[in-house]
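The sequence and structure come first, followed by the notes.

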Amino acid sequence: QVQLVESGGGLVQTGGSLRLSCAIHGNDASLGAMGWYRQAPGLQREIVASLTSGVYTAYAESVQGRFTISRDNTKNTLNLQMNSLKPEDTAVYYCAAGRSIDPSYGVTYWGKGTLVTVSS
C-alpha cells in the first residue's frame with residue numbers, strides 16, 4: 001500500500017516558479033510509473049508529467065519546456081519544478097502512482113492534491 005502526500009502549492013505571480021513535492025509512504029513492488037495530474041475548475045483532470053521506470057519522462061504539450069519532473073530517492077519524493085507559470089496553470093495538482101499512470105490505463109494511488117494559483 002502506498003500513500004502520497006503533496007506539498008509546495010501556493011500563490012505565485014505570472015512568470016514565477018513553484019516546486020511541488022510528493023512524499024511517498026509505503027511500498028508497492030508493482031509500481032512502474034509516477035507523475036502529476038492537475039484539475040482546473042470546471043475541467044477534467046489531465047496528466048501533466050510522468051516518470052516511468054525511474055528514467056523516462058513525458059510532459060503535456062502545454063507545460064513542455066517549463067515543468068520538470070524528478071525523483072529524489074534519498075528523500076523518497078517525487079518533485080515537479082514549475083517555471084514561467086501562467087494563469088492557465090492554476091489548478092489543484094495531484095500526485096499519482098501505479099503500474100502505469102496513463103489516463104487510458106488508470107491510476108492506482110492518488111494524493112489529496114495541492115492548490116496552485118497563478119495570478120495575472
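Over the ring of which residue does the charged end of Arg45 sit, 3.7 Å from its centre? In this predicted model, that ring belongs to Tyr94. The charged end of Arg45 also sits over the ring of Trp110, 4.5 Å from the ring centre.

**Aromatic cluster**

- The structure holds two aromatic pairs.
- Tyr37 and Trp110 form an edge-to-face pair, because their ring centres are 5.0 Å apart and their planes meet at 70 degrees.
- Tyr37 belongs to strand E4 and Trp110 to strand E10 (residues 109–110), so this pair ties together parts 73 residues apart in sequence.
- Tyr37 is buried at 4% relative accessible area, whereas Trp110 is partly exposed at 35%.
- Tyr94 and Trp110 also pair edge-to-face, with 6.2 Å from centre to centre and 85 degrees between the planes.
- This pair links strand E9, which holds Tyr94, with strand E10, which holds Trp110, across 16 residues.
- Tyr94 is buried, with a relative accessible area of 13%.
- Through these ring pairs, Tyr37, Tyr94 and Trp110 are linked into a cluster.

**Nonpolar cores**

- The largest nonpolar core has 27 residues, of which Leu4, Trp36, Leu80, Met82 and Tyr93 touch the most other members.
- Elements giving two or more residues to this core include strand E1 (2–7), strand E4 (33–39), strand E8 (77–82) and strand E9 (91–98).
- Beyond its neighbours within four places in sequence, Leu80 is in contact with residues including Leu18, Leu20, Trp36, Val48, Phe67, Ile69 and Tyr93.
- A second, separate core has six residues, among them Ala33, Tyr37, Ala96 and Ile101.

Key
Residues are numbered from 1 along each chain as its sequence is written. This is a predicted model: local features need pLDDT of at least 70, side-chain atom pairs count only at pLDDT 80 or more; totals for chains, interfaces and linings use all residues. Side-chain values use heavy atoms; hydrogens and water are left out. A nonpolar core is a set of buried Ala, Val, Leu, Ile, Met, Phe, Trp, Tyr and Cys residues joined through side-chain atoms within 4.5 Å. Buried means under 20% relative accessible area, exposed over 50%, partly exposed in between (1.4 Å probe, protein chains only). Helices (H or I, at least four residues) and strands (E, at least two) are DSSP runs, numbered from the N terminus. Contact means heavy atoms within 4.5 Å. Rings of Phe, Tyr and Trp (its six-membered ring) pair if their centres lie within 6.5 Å; planes under 30 degrees apart count as stacked, over 60 as edge-to-face and the rest as tilted. A charge sits over a ring if NZ of Lys or CZ of Arg is within 6 Å of the ring centre and within 35 degrees of the ring normal.
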